[in-house]
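Subject: The two-chain model

Hi,

Here is the structure I promised to pass on. Have a look at it first, and then read on for what turned up.

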Amino acid sequence: MIEPPPEKLTPELIYREYAPRIFAIARRMLGNDADAEDVMQEVLLLVIRKLDTFRGESQLGTWLHRVTVNAALALRQKRANRQKHEVGEVSDNMAGAAPMTPVNRWSVSPDEPVLAAEQHEIIENAIKTLPEPFRDVYVLADVEGLPNSEIADMLGLSLPAVKSRLHRARLRMRDALAPHFEGGMAS
Amino acid sequence: MNCQELIDLLLDYVGGELVVEKHRTVEIHLTGCPNCLTLVETYRHTIRFARALPKCERLPSAIEDRLRKLLAPHLEGKKDEG
């Protein structure tokens, strides 16, 4: 099968293909629709203005991740300056990441899960409860699938710091999801 | 290796980034520790669930309307037709 030629980068293509993606990343990082909308609008205006400087969609995709993360962090900083904001003290030390407590098995398929709407909601809500520094790394690594080195670069962190935050985020997510999946799939 | 040491190595273990000797030490611990075995299993489920989340979804209609208005000057010949 012949691959179709890559579509020309136009504002319409950016609007159609990238707006939902940018919105999803921003909403997961910021935890609400209003802030995610602000970030999406800012990023889309920026990318449309710079459209001529991109050679193709692959280059644009990487750049979009970066500007979306930057815009989300900047908006969060602006909010934090206005109001007292719980960011949470974060230790970037892997040791002692979790206390040893008994854990129970989950009744889930070993195959790639297809999430039902309620399971999807449980997971999205658990992400919202993560402290921001953990949430940022978790969203970029485990939801978006970006390499740790790229995340370190984007967030201005060392690689060990990214790995430590990711590990702690996963343990917190595991703890948050456990009551819903122990002994039977959440329905 | 004790359970806490295993937890500290978990990210590298599931990511396949441990050197052979460490990897083996973890596997030996897991054969005799059902609690850690379950922890590893549920940690992996947690990663799979995150990967299964949709990367994007349809924008809420009010947000889409505002965005379309904002970008209207840039969206050539694409006026809303219904």
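From the N terminus on, chain A runs α-α-α-α-α-α-α, which comes to 7 helices and 0 strands. Helices here are DSSP runs of H or I with at least four residues, strands are runs of E with at least two, and both are numbered from the N terminus. Chain B reads α-α-α-α along its sequence, with 4 helices and 0 strands.

Some housekeeping before the details. Residues are numbered from 1 along each chain as its sequence is written, and chains are lettered from A and ligands numbered from 1 in the order in which they are written. This is a predicted model, where local features need pLDDT of at least 70, side-chain atom pairs count only at pLDDT 80 or more, and totals for chains, interfaces and linings use all residues.

pLDDT is the predictor's confidence in each residue, from 0 to 100. Chain A averages 83, and 79% of its residues score at least 70. Among the elements of chain A, helix H3 (residues 57-82) has the lowest mean pLDDT, 84, while helix H5 (residues 132-143) has the highest, 95. Chain B averages 88, with 91% of the residues at 70 or above.

Take care at two chain ends. A contact means that the C-beta atoms of two residues, placed from the backbone, lie within 7 Å. For the complex, the predictor gives an ipTM of 0.86 and a pTM of 0.84.

Chain A

Of the 187 residues of chain A, 34% count as buried. Buried means that 20 or more other C-beta atoms lie within 10 Å of the residue's own, exposed means 12 or fewer, and partly exposed is in between, with C-beta atoms placed from the backbone. Among contacts in chain A with a separation of 6 or more, 73% join residues 24 or more positions apart.

Helix H1 (residues 11-30) of chain A bends by about 50° at A:Tyr18, and the proline A:Pro20 follows within four residues. The bend at a residue is the angle between axes fitted to the seven residues ending there and the seven starting there. Just after H1(A), A:Gly31 has a positive phi of about 85°.

Helix H7 (residues 159-181) of chain A has a kink of about 25° at A:Asp175, shortly before A:Pro179. H7(A) has 23 residues and reaches 31 Å from its first C-alpha to its last, close to the expected 33 Å. That expectation is 1.5 Å times one less than the number of residues. A:Gly183 follows H7(A), with a positive phi near 80°.

Leaving out residues up to four places away in sequence, A:Ala24 touches B:Lys55, B:Cys56 and B:Glu57.

Chain B and the contact

Chain B has a radius of gyration of 24 Å, whereas a compact globule of 82 residues would have one near 12 Å. The radius is taken over C-alpha atoms, and the globule rule is 2.2 Å times the number of residues to the power 0.38. Along the principal axes, the C-alpha atoms of chain B fill a box of roughly 65 × 25 × 15 Å. Of its 82 residues, 20% count as buried.

Where the chains meet, 34 residues come from chain B and 42 residues from chain A. Helix H1 (3-14), helix H3 (34-52) and helix H4 (61-71) of chain B each supply at least two residues of chain B's side. H3(B) gives the largest share of that side, 14 residues.

The buried residues of H3(B) include B:Cys36, B:Tyr43 and B:Phe49. What covers the buried residues of H3(B) includes helix H4 (117-129), H5 and H7 of chain A, together with H1 and helix H2 (20-31) of chain B.

Cheers
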